[in-house]
Amino acid sequence: MYKILAKQELAPNVKMFEMQAPRIAKKAQPGQFVILRIDEDGERVPLTIADFDREKGSITLIFQEVGATTKLLGALEAGDSLLDLVGPLGKPTHIENFGTVVCVGGGIGIAPVYPIARGMKQAGNHVISIIGARNRDILIYEEEMAAVSDTLYIATDDGSKGQKGFVTDPLKQMIAEGKKIDLVIAIGPVIMMRNVAEVTRPHEIPTVVSLNPIMVDGTGMCGGCRVSVGNENKFACVDGPEFDAHKIDFAGLVARQRMYVDKEKKHSEHCVSKKVGGCKCHSH
Amino acid sequence: MSLSLKKNVMPEQDAKMRARNFNEVALGYDDELARAEAERCLSCKAAPCRKGCPVDVDIPTFIKHIKEGDVEAAIASIKEVNRLPAVCGRVCPQEDQCEKFCVLAKRGEAVGIGRLERYAADYARTKGERIQAIEPAPDAPRVAIIGSGPASLTAAGELAKKGCRVTVFEALHLPGGVLMYGIPEFRLPKDIVQAEIDNLRKMGVEIEVNAVIGKTFTVDELMEEEGFDAVFIGTGAGLPHFMGIPGENLNGVYSANEFLTRCNLMKAYRFPESGTPIHVGKKVAVVGGGNVAMDAARTALRLGAEEVHIVYRRSETELPARLEEIHHAKEEGIIFTLLTAPVEVQGSEGWVTGLKCIRMELGEPDASGRRRPVEIAGSEFVLETDTVVIAIGQGPNPLVQSTTKGLETNKKGNIVADEETGATSKPSVFAGGDIVTGAATVILAMGAGKKAAEAIYNYLKEKHKL
C-alpha cells in the first residue's frame, strides 16, 4: 500500500497528492511517470511525476478529475492509501546546457514542466517559461515556475490573467523578434503541443513534447501506447514519453486517445450508481 | 488384466455454453475417474515418462499413491520437484513431454499424467494443504529473482528449499507473469495461480510487486546496494511484435499481449465493475496460429464477438498451437482462415473496418523445415472486421539487458546463458526461461529455473563456503 501524505486542491478539479514512495523518489528524474491503481477493481493509470523529495522519500502527483478513476482518486484524502504505485517509468528528460530553453506548460501540463524547467535552470540554461490555462482559476504553479525561470509569460484564453490568448502567442512573438532559442519543451493538451510544434517547425527550432497516450502496463509489454514518430512505431512508455515534436503523428495520437470514450462514460455511470468507494465526486 | 487403450475422458463444459463464459473449460477428474486413470499406469521400472518431464517429477510414484487412494502422498511426491502442479497439470503440452514417452502411447493413449497431476494438486488445495515454512539462517545467502513467471517461481522455490533467502521482484501488481496476464482464466483460473504462488510465500519466498528492475533498481544495485549475493533473470518474452503493415495503429487493433492483459490481469471481462475497458466488435480477426492466437480468439468470443477468425499464412498442419487448443477453438466456433496473410488494416474515422489479406500457397521448405508460404498474385480480398488482434510472436523486453553492464545478449536481444547452468557473461548473474530461449512453454521455463537454481546454489556454496 502507498500512503497519501498530503492532499491539496490546486484549482477546481485539479488535485495534488504527496505520496509516500521512497524507492520512486530515490530514482525519479524530470520527465518520468508512475502508474497507479487505486484498489482491486481499479484500472492502471499513468501520471507524470510532478516533483520528488529524495530526503523525505515522497513524490508529488497532480491530476485533473476527468473520468471515473481520477474522480475516485480525487475523493481520497491524506492518510488513505493506493493499492499499487510503480515507477519511475519512461526515459528522463535529456537535460544539459543547451543555451536558451523555452519551457511551455498548458493546463495541468504545467506541473510536469516544473521539474524540467528547474533541471534546465540548474544545468545553466537561460530558461524562459510560458504557462497557460483557460482562465486564472485553473492556472497552477505560477510561483514555482517564476522561481526557476529567468522570464515567465502567462497566457489565459479569456485574459483573466497575463495576456489574453494561447501559450503559442509569446513564443511566436519571441521568434518574430529574432530571439535565439535552442530548445523548446512543451507539455499540455495534445492540441497545444501540436500547435507549439507547428510554430517552431518552419524555424527548425528543436522541440520536444511529452505524450500521454493510453497505457496499461507502462513497461513495454503491450504496445497500447504506441505512437508513430518519424513513421516508425514507438512505445511511449519505454521509448518516451518525450519525442521530437516535429516527427509525431499527432492526428493518430488524438484518434487513439479517444478509443474508449464511450466505455469511460459507462464506467463513470457505474461508479455514480454504485457510489463505489464512497465516491464524493458528484456532490458538487 | 484388460487395459483400456483410451484415457478416461475428463468432463468439460459444453462448447456452446462455455464459449460465452470465462469459467474453466476442463472440469477435472473426480476421485473415481482419477483412480481409474491411475490404474492404467503400468508402473514400469524404466519409467520413460520421466525423461519427458523437464523438472523430473517421479511420475510412477505419484500415480501409485493415487491408485492407493493416498492423494496427500501423491502431492507431496510431486512437490518435491514441482511447486506449480495445478498450473502444469493444466497448461503443459504433455503430448510432447511426459505422455509422449509413456509405453501405453505405443499401442493406444498414454496415461493422463497431466490430468492426474492436476487432480492431485486440486485435491490438496481444496482440502487445505499445510505448507512447511523453511527458516533460512539469518546469514544465509540472498538471491534476487527478477520476474515472477514460471522460470522465476521455480528457481525461487528451489533456492528457498535449499535454505537461501529469496526475494522475487515483479514489475506488475500481481506475480505469475504469463500465468496471470497471458493464459486465459478459462484455461487456467487466476485464483489457482495465486494459491500456488501463496504456497511459495508460505515456504518463505518474499515477493515484491510493482518493482521494475532496470528502473526501480538496476541489477548492479541489487548486488552492490541491496545486498544480494546472486541474481536470476527470468523476465520472459514480453515484447509484442507488430506486423509493420499500414493501418496497424488504428483503433481496434491490439497486440495479443495488450488484449489478453486487459482481459486476464485487469479483468476487463467484468467491465464496468472492473475499471479496465476492452473493445471487442462483432467481427474479430486474430492474426497468427500459435497458442497465444487461440487464447486471444477464444477470449474474443467470450467477450461477445459474433464471428472470430484465425488468420494464418500457412495451412492447418503447420499451426504451431497445441492440437487440444485448436480442437477446443473449433468446437467453440472459431473460423480458421488459413493460407492467408494480412497486407493492410483498413479503417474509417480512425477505426478498423477491415483486414486486407492475400491468399498464400505453400512452396519449398524454408530454413525451419516448414513449407514457405508464397503469395498468390492478384488474390487480395478484404475480411470485414472491427477488431484485429496481432498474435505473431513476442521478443525479449530489453529493460534489464539495456541497464545491466557486462550482460551479453544475442542478435535477437535474448540473454546469452549456459544451457545447463543458466550462467551469463556477468559474474553472479544467471538467467533462464523465455528471456534466454525466446518464447517457449511454461514447463521448459520451469526446467530452466530448476537447473539455474541448482547452479546458483553450487556457486553460492563455493563463494560462501557453505
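Predicted model: local features only at pLDDT ≥ 70, side-chain atom pairs only at ≥ 80, totals over all residues.
pLDDT is the predictor's confidence in each residue, on a scale from 0 to 100.

Select chain A and colour it by pLDDT. The average for chain A is 93, and 96% of its residues score at least 70. Among the elements of chain A, the highest mean, 98, belongs to strand E16 (residues 242–244). The lowest mean, 86, is found in helix H9 (residues 261–274) of chain A.

Now show chain A as a cartoon. Nine helices and 16 strands make up its list of elements. The C-alpha trace spans about 55 × 40 × 40 Å along its principal axes. Is the chain as a whole compact or extended? A compact globule of 284 residues would have a radius of gyration near 19 Å, and the 18 Å of chain A therefore agrees with that.

Move to chain B and select helix H3 (residues 59–67) together with helix H4 (residues 71–79). Their axes lie 7 Å apart, at an angle of about 170°. An angle over 145 degrees counts as roughly antiparallel, so H3(B) and H4(B) are roughly antiparallel to each other. The crossing of H3(B) past H4(B) is left-handed.

Finally, show the side chains between these two helices. From H3(B), the residues Thr61(B), Phe62(B), His65(B) and Ile66(B) take part. They meet Val71(B), Ala73(B), Ala74(B), Ser77(B) and Ile78(B) of H4(B). By class, this contact has six nonpolar residues, three polar ones and no charged ones.

Methods
Residues numbered from 1 in each chain as written. Chains lettered and ligands numbered in written order. Heavy atoms only, no water. Helix = DSSP H or I, 4+ residues; strand = E, 2+ residues; numbered from the N terminus. Axes fitted to C-alpha atoms, helices over the stretch in contact; angles between N-to-C directions. Parallel < 35°, antiparallel > 145°, perpendicular 65-115°, else oblique. Left-handed = near helix turned anticlockwise from the far one by under 90°. Contact = heavy atoms within 4.5 Å. Nonpolar A, V, L, I, M, F, W, Y, C, P; charged D, E, K, R; others polar. Rg over C-alpha atoms; globule rule 2.2 N^0.38 Å.
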